[in-house]
Amino acid sequence: MSVRRLAPADVQPKSFAFSSENQAWAQAQFAKYPAGRKASAVIPILWRAQEQEGWVSEKAIEVVAEMVGLAKIRVLEVATFYTMFQLQPVGSAAHVQVCGTTPCRLRGAGELIDICQHRIHHDQFRLSGDGKLSWEEVECAGACVNAPMIQVFSDTYEDLTPQTFNALLDNFVAGKSVMPGVQSGKRRMSEQEGGQTTLLEPALYDGSAVGSWRKSFGERQAAAAAKAVAAPPPAPPAAAPVPAAPAPSAAPASVIPAMTSKPEDKPVMLSAARAGGPDDLKLIWGVGPKLETMLNEMGVFHFDQIAVWSDKNLQWVDDNLQGFHGRAVRDDWIGQSKKLASGWRPANPVGDKPAS
């Protein structure tokens, strides 16, 4: 393991303070942890300090330690252990992290490192003459198919050549906006060069195939059962007495969820949403855009509709949600809708389930 120390005293700032916006953000992190566990927020708050200043100074460590209620040495241990924390000043325009693992090396990362050594500084973590650039070699950054690649702060730049890499550095130094991602123009994200060649069927994306497995699986089960019933028993060996033929076995039970509701269990539906528009049914935990569309097509637009359903009404809806059978009953849509109809809203709309 490499030795990581704080920057020398002559480059350390005299003080550190979060901006008002970052101070409010940091305070909000404590609500994510149980009472008395403020120390659990040390990594995200330390990371916020680095995002603000570009690196983690000794004064920043002291401020974070006081905020989370830890001794300075404990926060120093965190900052020196995790290599994502920069312990000395980095380039004001860009700190270039060049992936030097095998796939990137095979695709030209060595040339990128050579450019860094000649254009920025021969040694890693050292500033360029104008103070705008610095660099380091890192291990796998997780974009091997788009090798070689670099990371600058929170963005990655992939499929680089010496020419496109130099152009990137020019833009960083000039303060120009640069689009992250693939730089070759030969592919989209991590597709193979030349474009997508698989998973092209429209039915995979338009929803028409949702639930189709139920029908095809049922047909295969029925055919197998019929074949098992119709097949004659195997002939016994000639020397052995012929046993009585067993009665044909019953068709195996289907593993597809059975429809347990009756037509008269269907709840009252609406032809359209009331004045003011439909409720956001996606606030029901477990309901996404697809399920919301299916419910609207059935005639369900409001929380108070669902809140007054009986168990039989809920079962009817559950049975008719093709591809999502079991979801409505399992997630207690009635109980959730009662809370939502009363005005309750989750603090985290994509993750909070109403307490029962």
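Apart from neighbours within four places in sequence, His-302 is in contact with Leu-270, Ala-273, Arg-274, Gly-277, Pro-278, Asp-279 and Leu-281, contact being heavy atoms within 4.5 Å.

The model is predicted: local features need pLDDT of at least 70, side-chain atom pairs count only at pLDDT 80 or more, and totals for chains, interfaces and linings use all residues. Residues are numbered from 1 along each chain as its sequence is written, and side-chain values use heavy atoms, with hydrogens and water left out.

Helices (H or I, at least four residues) and strands (E, at least two) are DSSP runs numbered from the N terminus. In helix H11 (residues 311-319), the buried residues are Asn-313, Leu-314, Trp-316, Val-317, Asp-318 and Asp-319. Their cover includes H9, helix H12 (327-330) and helix H13 (333-341).

Strand E1 (94-99) has 6 of its 6 residues buried. Ala-94, Val-96 and Val-98 point one way from E1, while His-95, Gln-97 and Cys-99 point the other way. In a regular strand, side chains alternate between the two faces of the sheet. E1 pairs with E2 in the parallel sense over 6 bridges, and with strand E3 (residues 150-152) in the antiparallel sense over 3 bridges; pairing requires at least two DSSP bridges between two strands. Val-98 stands opposite Glu-137 in E2 and opposite Ile-150 in E3.

Pockets were found on a 1 Å grid over the protein atoms alone, as open sets of points where a 1.4 Å probe fits, with protein on both sides within 12 Å along at least five of seven lines; lining residues have an atom within 4 Å of a point. A volume is the space filled by probe spheres set on the points, which are joined across faces, edges and corners.

| Pocket | Volume | Lining by class |
|---|---|---|
| Largest pocket | about 500 Å³ | 8 nonpolar, 10 polar, 5 charged |
| Second largest pocket | about 170 Å³ | 6 nonpolar, 2 polar, 2 charged |

Of the 23 residues lining the largest pocket, Trp-47, Met-84, Gln-86, Gln-97 and Glu-136 lie nearest its centre. Helix H2 (42-53), E1 and strand E2 (133-138) each give two or more residues to this lining, and H2 provides the largest share, 5 residues. The lining of the second largest pocket includes Arg-4, Arg-5, Gln-86 and Phe-125.

Conventions: Nonpolar A, V, L, I, M, F, W, Y, C, P; charged D, E, K, R; others polar. Buried < 20%, exposed > 50% of the residue type's maximum accessible area, 1.4 Å probe, protein only.
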